[in-house]
Amino acid sequence: MRAADRRQLAELEQLRRAIEEHNYAYYVLDAPTVPDAEYDRLMRRLTEIESAHPELITPDSPTQRVGASPIAQFGEIRHNKPMLSLENAFDEAEVAAFGKRIGDRLRAAGFDAGDMAFVGEPKVDGTAVSLRYEDGIFVLGATRGDGSVGEDVTHNVRTIAGVPLRLRGKRLPRVLEARGEVYIPKRAFEELNRRAAERGEKTFVNARNAAAGTLRQLDPRITASRPLNVFFYGLGEVDGWDLPETQSGILKALQAFGLRTSPEWELLEGIQGCLSYYETIGKKRAQLPYEIDGVVYKVDRLQWQDALGFVSRAPRWALAHKFPAQEELTTVRDVEFQVGRTGALTPVARLEPVFVGGVTVSNATLHNMDEIHRKDVRIGDTVIVRRAGDVIPEVVSVVLDRRPAKARVVELPSTCPVCGSDVVKAEGESVARCVGGLYCAAQRKEAIRHFCSRRAMDIEGLGPKLIDQLVDQDLVRTPADLYDLTADELMKLERMGEKSAEKLLRALDKSRETTFARFLFALGIRDVGEATAVALARAYDSLDSLMDATEEDLQEIPDIGPIVATRIHSFFQEEHNREAIKKLLAKKVHWPKPQAPSAVAAHPLSGKTVVLTGTLSSMTRDEAKEKLTALGAKVAGSVSKSTDYVIVGESPGLKAQKALELGVDVRTEQQLLDWIKAAPE
Ligand code: 5U1
């Protein structure tokens, strides 16, 4: 071999190793070691050499993940060790029964099973796979199929960046089959569906179907374009390697081989430990970047697992403890239209009540008419409803086979169901609106609700039911009328005693003293959220100057574009809005004179992006947000490379971990207090 060839071969090997190391750090350890640009550079160089010398390409080269051509059909793979399924438990009693059952069996077999340890892992909502490595090289990827025979999806598994094409370590098994779950992260799933909807294509019903559908693509280039990932949790056939003694040992060994395991797994003590784990993971569920539908408990000791064996296709030593279902079937009784603060008509499905996500659901949002058409929802249809975490229940899809002959098409009303004004739907917009403005009682109620809300004028005790009564009885037409209410009037309302009436009047009185930004936010100008209100309050030193600002003036403010500028300008040009503002000022609603813009700009937090995580001891999350915004900071919900500071309170969440991984500056609550103290009065 010529010296030049030898040099090129060495470079090739070095590039492959470096890329696999970076893949391992990024996908398995979740701790990237190089910027994306450097990774891309290494990959480009490797491709360049391999294109010039195709004879040097090996199956474990990182370039071999992507670009293979479509296959005609899937081959069959017989699993030498069957891929088992799990028995399910839906409540604590079933988990306790599982504990007792295995304890009794082990004792009967002569084991001292008193202090039993379990491994707890999240049950990821994906699709099961078995990956075969021979002498450390990935050779085969198969789906579960019926547990005995699956499909050959090697071409697609290869494209999953989190799957090592070569195992790490020196003494590798002759054969190692790793079993796990391939999943699609929540964000990628939403994006996939968003793009499919945009193109008018069919969307996936849930993340599990999206993962399974992606893995069963004949064209690996489609699979490669969707960011699948994988967690490994067990073994199939193994040869030439001594098994650890425990399930926890298996997880550690898998991770050491470079096969990604869940960072959430834990060793648990007894059934009590299992139940606490269920609760802990249940609380974390919404923040996890992938869907889970429960947790899995496994007896830790493999010797005990062997003694317990399995019944039909499920091991006796493992149990899936499921969270309450987030999706259920029910029927649409009717579709009604709710009118929001800006007049937007939102179709709401009235459902046959169904227990889903831990509560009984009888209404689900349908968002807008486009959504109804896209999902083809009709009155009388059987639908899948979903309620995940605290999210508003929604109709996911229609079960078309169950559509009754008399199912009725939903039509947009031509007049407002509340005030009878016309309903208009602007060209190109998906939202239809009632043009009634504050003539419409629904819009009035919503405007007043918004005015009183915690982040606006913060009037405690003025809930939606009370506002309904005040508007229905014509005691309040505009927000300023709230300040004319008397104890006598209030006491005539339902569930309003003397004490509550006085308390409410005190809350109303207190709300007169506010901030300029809160006042602007409370006015309910369309598209003016809290951040825009703060930006306006910072840019204008008086309400008069803001009310007289032109659209061009308004566009000078960072983050205010032409549409929002028009909305603000037209709001202040409307005579009845000017009148409503005048009345509020006459009721002595006031705020401190705004700070000079230079004082804000001088603060170290001015222009910085800050993320909060954990519980703060000296203030609520909302108070902290408000203070930070007043100092000129932008408060973001998630950590990224552009975050300047992450402020951690008690029991911080995954955001703190992400901050450390990305090298973002992490500060304590004390630092936040010092920053607030340093702010000019
Ligand atoms: N986390 C996890 N998911 N899951 C699914 N572990 C796990 N184990 C399984 C399955 C089907 O089966 C083994 C107990 C054989």
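Mentor: Before we start: two strands count as paired if DSSP finds at least two bridges between them. Also keep in mind that this is a predicted model.

Trainee: OK. How many bridges join β15 to β16, then?

Mentor: There are 6 bridges between β15 (residues 345-356) and β16 (residues 359-365), and the two strands run antiparallel. Within that pairing, Val354 stands opposite Val361 in β16.

Trainee: And what do β15 and β16 form?

Mentor: A hairpin, with 2 residues between the strands. Gly357 in the turn has a positive phi of about 60°.

Trainee: Zooming out, how many helices and strands are in the protein chain?

Mentor: The protein chain has 25 helices and 26 strands. Its C-alpha trace spans about 90 × 65 × 55 Å along the principal axes. Of the 681 residues, 46% are buried. Among contacts with a separation of 6 or more, 67% are between residues 24 or more positions apart.

Trainee: Let's look at the open sheet of 5 strands. What's the order?

Mentor: The order is β2-β13-β10-β3-β9, and the pairing is mixed.

Trainee: Which strands stand at the edges?

Mentor: β2 (88-89) and β9 (266-269) do. Each has a single partner strand, so one side of each is left without a neighbour in the sheet.

Trainee: How do β3 and β10 run?

Mentor: Antiparallel, with 7 bridges joining β3 (residues 117-124) to β10 (residues 292-299). As an example, Gly120 has Tyr297 in β10 as its bridge partner.

Trainee: Which strands does α3 touch?

Mentor: Helix α3 (residues 92-108) packs on the sheet and touches β2, β3, β10 and β13 (318-322). The direction of α3 makes about 170° with that of β13. Helix α9 (residues 270-284) also packs on the sheet, touching β3, β9, β10 and β13. For α9 the angle is taken with β9, and comes to about 135°.

Trainee: What should the 15 residues of α9 span?

Mentor: At 1.5 Å a residue they should span 21 Å, and the end C-alpha atoms are 21 Å apart, which agrees.

Trainee: Which residues of α9 are buried?

Mentor: Gly270, Ile271, Gly273, Cys274, Leu275, Tyr277, Tyr278 and Ile281. These buried residues pack against α3, β3, β9, β10 and β13.

Trainee: Changing topic: how many aromatic pairs does a search of the whole structure find?

Mentor: It finds 11. Take Tyr133 and Phe138: the ring centres are 5.7 Å apart and the planes are at 55°, so the pair is tilted.

Trainee: Are Tyr133 and Phe138 buried or exposed?

Mentor: Tyr133 counts as buried, at 0% relative accessibility. Phe138 is buried too, with a relative accessible area of 2%. Another tilted pair is Trp241 with Phe257, at 5.4 Å centre to centre and 55° between the planes.

Trainee: Where do Trp241 and Phe257 lie?

Mentor: Trp241 lies in the loop between β8 (229-239) and α8 (247-256), and Phe257 in the loop between α8 and β9. The pair therefore ties together parts that are 16 residues apart in sequence. As for accessibility, Trp241 is partly exposed at 23%, while Phe257 is buried at 6%.

Trainee: Which residues do ring pairs link into a cluster?

Mentor: Tyr183, Phe231 and Tyr290.

Trainee: Last one. What sits over the ring of Tyr24?

Mentor: The charged end of Arg168, 3.7 Å from the centre of that ring.

Conventions. Residues numbered from 1 in each chain as written. Predicted model: local features only at pLDDT ≥ 70, side-chain atom pairs only at ≥ 80, totals over all residues. Heavy atoms only, no water. Helix = DSSP H or I, 4+ residues; strand = E, 2+ residues; numbered from the N terminus. Contact = heavy atoms within 4.5 Å. Axes fitted to C-alpha atoms, helices over the stretch in contact; angles between N-to-C directions. Expected span 1.5 Å × (residues − 1). Buried < 20%, exposed > 50% of the residue type's maximum accessible area, 1.4 Å probe, protein only. Phe/Tyr/Trp six-rings, centres within 6.5 Å; stacked < 30°, edge-to-face > 60°. Lys NZ or Arg CZ within 6 Å of the ring centre and 35° of its normal.
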